[in-house]
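The exercises below are meant to be worked through with the sequence and the model side by side. Try each task before reading its solution.

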Amino acid sequence: MRTKTGIARRRRHNKVLKATKGYRMTKGRLYRVSHEAYLHAGNYSFAHRKRRPTQIRRVWIDRINAAARLNDTTYSELMDKMHKADVRLNKKVLADIAYNNPESFSSLVKSL
């Protein structure tokens, strides 16, 4: 006996086509191509969500390093001095101070 899946298949296909609407070339119109693009998009989305905190942390380190170099030191030297002086500021806060309040950052560097 032949199994009919007309409505269920149409709904499943429309769900994928709706999710891939606006994709390049035939990825938003043809189901097979759309489904593959849909799966890849999900994998890329997951991988890049996992990568985002690392990239944000890299930006913080770059900002701290740039501000440290304006004060004649480097990021690694600054972090070493902070650890030895037992100054406990995390990178997010330190980058915010360096970016938004460079005078305070300079006084912090000079106090170490």
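**Exercise 1.** Decide whether Y99 is buried or exposed.

Solution. Y99 counts as exposed because its relative accessibility is 54%, where exposed means over 50% relative accessible area, buried under 20% and partly exposed in between, with a 1.4 Å probe and protein chains only. Y99 belongs to helix α4, residues 91-100, helices being DSSP runs of H or I with at least four residues, numbered from the N terminus. Its C-alpha atom is 8.0 Å from that of I64, which lies 35 residues away along the chain.

This is a predicted model, in which local features need pLDDT of at least 70 and side-chain atom pairs count only at pLDDT 80 or more, while totals for chains, interfaces and linings use all residues. Residues are numbered from 1 along each chain as its sequence is written, and side-chain values use heavy atoms, with hydrogens and water left out.

**Exercise 2.** Find which residues of α4 are buried, and work out where they lie around its axis.

Solution. The buried residues in α4 are L94, A95 and A98. They lie on the same side of α4, because they cover an arc of only 100 degrees around the axis, the arc being that of the directions from the helix axis to the C-beta atoms. An α-helix has 3.6 residues a turn, so residues three or four places apart point the same way. The face turned away from this buried side carries the exposed residues K92 and N100. The buried residues themselves pack against α2, α3 (75-84) and α5 (102-111), contact meaning heavy atoms within 4.5 Å.

**Exercise 3.** Identify which residues have the most contacts inside the largest nonpolar core.

Solution. A nonpolar core is a set of buried Ala, Val, Leu, Ile, Met, Phe, Trp, Tyr and Cys residues joined through side-chain atoms within 4.5 Å. The largest one has 13 residues, and those with the most contacts inside it are I64, L78, M79, M82, L94 and F105. Two or more residues come from each of α2, α3, α4 and α5, and α3 gives the most, with 4 residues. Leaving aside neighbours within four places in sequence, F105 is in contact with several residues, including I64, L78 and L94.

**Exercise 4.** Describe where T20 sits and what it touches.

Solution. T20 is in the loop between α1 (6-19) and α2 (31-70), and T20 is buried, with a relative accessible area of 0%. Beyond residues up to four places away in sequence, T20 touches K27, G28, S34 and Y38.
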